[in-house]
Amino acid sequence: MKKNVKIFLSLCIVMCVGLSPLTAYAASDLKSTSGLSAADYEEIMPEAFKGYGGMFYDCEQNYHINGIFLLAVVRLESGNGESWLSQNQHNVAGNKGENGYLSFDVMSEGITYAAQNLGENYLDENGKFYRGGTLEDIESVYCPGGGWAGQVAGIMAEYGF
């Protein structure tokens, strides 16, 4: 069989079974630095997160979590910062505790908690919820059954990641 036909058939199989190449990020990708500066992050922030570009940069450096991945999760979970939970409790990632959704005094605390939680618990091999570190692995514990990984990947793709 010719090489081009094999490639075409492989792509057809991927498309037919519903696998998305967008969600095939390895754990190392989700932990890698984006190369963006605080000013770069500020430029790409949705309106509700303007002023927090430096936070995303700092979180990327401090918690070994790709800032674009963090931004994608935060955008998805907070409805681009417009959700009630985000605006009233500064909980930008839908994080829960023993008594329901967590509440933070200021937005920067919510962003920092989201980064630390994802970095330490989902991306670190010794983390409480580590299942392999890909978007699908994270989805299996963080937000199972709703297509979370594909949605996060779609937002990441908006930034060329």
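Axes are lines fitted to C-alpha atoms, for helices over the stretch in contact, and the angles between them run from 0 to 180 degrees between N-to-C directions. In this predicted model, helix 4 (residues 53–63) packs against helix 7 (residues 107–123) at an angle of about 30 degrees, and their axes lie 10 Å apart. Helix 7 also supplies residues to the lining of the largest pocket, and the two topics are taken in turn below.

**Packing of helix 4 and helix 7**

- Because angles under 35 degrees count as roughly parallel, the angle of about 30 degrees means that helix 4 and helix 7 are roughly parallel to each other.
- The crossing that helix 4 and helix 7 make is right-handed.
- On the helix 4 side the contact is made by Met55, Phe56, Cys59 and Tyr63, which meet Ser108, Ile111, Thr112, Ala115, Gln116, Gly119 and Glu120 of helix 7.
- By residue class, this contact of helix 4 with helix 7 comprises six nonpolar residues, four polar ones and one charged one.

**The largest pocket**

- The largest pocket holds about 310 Å³ of space, and of the 15 residues that line it, Gly94, Asn95, Lys96, Tyr122 and Tyr142 are the closest to its centre.
- At least two residues of the lining come from each of helix 7 and helix 8 (135–142), with helix 7 giving the largest share, three residues.
- The lining of the largest pocket divides into nine nonpolar, three polar and three charged residues.

Methods
Residues are numbered from 1 along each chain as its sequence is written. This is a predicted model: local features need pLDDT of at least 70, side-chain atom pairs count only at pLDDT 80 or more; totals for chains, interfaces and linings use all residues. Side-chain values use heavy atoms; hydrogens and water are left out. Helices (H or I, at least four residues) and strands (E, at least two) are DSSP runs, numbered from the N terminus. Angles under 35 degrees count as roughly parallel, over 145 as roughly antiparallel, 65 to 115 as roughly perpendicular and the rest as oblique. A crossing is left-handed if the near helix is turned anticlockwise from the far one by less than a right angle, and right-handed if clockwise. Contact means heavy atoms within 4.5 Å. Ala, Val, Leu, Ile, Met, Phe, Trp, Tyr, Cys and Pro count as nonpolar, Asp, Glu, Lys and Arg as charged, and the others, Gly among them, as polar. On a 1 Å grid over the protein atoms alone, a cavity is a set of points where a 1.4 Å probe fits but cannot get out, and a pocket is an open set with protein on both sides within 12 Å along at least five of seven lines; lining residues have an atom within 4 Å of a point. Grid points are joined across faces, edges and corners, and a volume is the space filled by probe spheres set on the points.
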